[in-house]
Amino acid sequence: MDDLMELIEAELFTDPGNDTVVRLPPRRFPGVLIQGDSLSIIRGDVAEIVEACAQGDVDDAHEAATLLLASIDELLDRYESSLKVHGIERPYAPRT
């Protein structure tokens, strides 16, 4: 199915960008479209945490994990904001 490309209509909830909120049919809730280069950066951040853990460098691992968490929180903030604007409930419990 990797070579299958299909043109479809999708609902765009935010402006296009590196983290666009979009709903594809027949999904009930929108998702976040992350561009490949941005996904590669996230993967690099996780690899940095894994490497720091493997070396026993808890301080570096914690710092990298804190930055990654902040980035993911920004994505979730954008997602949740777009849901709210369009009157859609979150498909998960609030963050703690």
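Read from the N terminus, the elements of the chain follow the order β-β-β-α-α, and in this predicted model the secondary structure amounts to 2 helices and 3 strands. The radius of gyration of the chain is 17 Å, well over the 12 Å that the globule rule gives for 96 residues, so the chain is more spread out than a compact globule. Taken along the principal axes, the box filled by the C-alpha atoms is roughly 50 × 35 × 20 Å.

The elements named in this report are listed with their residue ranges.

| Element | Residues |
|---|---|
| Strand E1 | 11-12 |
| Strand E2 | 19-23 |
| Strand E3 | 31-34 |
| Helix H1 | 36-54 |
| Helix H2 | 58-85 |

**The sheet and the helix on it**

Strands of a sheet pair through backbone hydrogen bonds, either parallel or antiparallel. Here the 3 strands form an open sheet in the order E1-E2-E3, and the pairing is antiparallel. Strands E1 and E3 stand at the edges, each with a single partner strand, so one side of each is left without a neighbour in the sheet. Between E2 and E3, which run antiparallel, there are 4 bridges, and Thr20 has Leu33 in E3 as its bridge partner. Helix H2 packs on the sheet, where it touches both E2 and E3, and the direction of H2 makes about 40° with that of E2.

Leaving aside residues up to four places away in sequence, Leu75 touches Asp19, Val32 and Ile34. Leu75 and Val32 are 43 residues apart in sequence, yet their C-alpha atoms are 8.1 Å apart in space.

**The largest pocket**

Rolling a probe the size of a water molecule over the atoms shows where empty space is left. The largest pocket has a volume of about 210 Å³, and its lining is made up of Asn18, Asp19, Ile34, Ser38, Ile41, Ile42, Asp45, Ser71, Ile72, Glu74 and Leu75. Sorted by class, this lining holds 5 nonpolar, 3 polar and 3 charged residues. Helices H1 and H2 each supply at least two residues of the lining.

Notes:
Residues are numbered from 1 along each chain as its sequence is written. This is a predicted model: local features need pLDDT of at least 70, side-chain atom pairs count only at pLDDT 80 or more; totals for chains, interfaces and linings use all residues. Side-chain values use heavy atoms; hydrogens and water are left out. Two strands pair if DSSP finds at least two bridges between them. Contact means heavy atoms within 4.5 Å. Axes are lines fitted to C-alpha atoms, for helices over the stretch in contact, and angles run from 0 to 180 degrees between N-to-C directions. On a 1 Å grid over the protein atoms alone, a cavity is a set of points where a 1.4 Å probe fits but cannot get out, and a pocket is an open set with protein on both sides within 12 Å along at least five of seven lines; lining residues have an atom within 4 Å of a point. Grid points are joined across faces, edges and corners, and a volume is the space filled by probe spheres set on the points. Ala, Val, Leu, Ile, Met, Phe, Trp, Tyr, Cys and Pro count as nonpolar, Asp, Glu, Lys and Arg as charged, and the others, Gly among them, as polar. The radius of gyration is taken over C-alpha atoms; the globule rule is 2.2 Å times the number of residues to the power 0.38.
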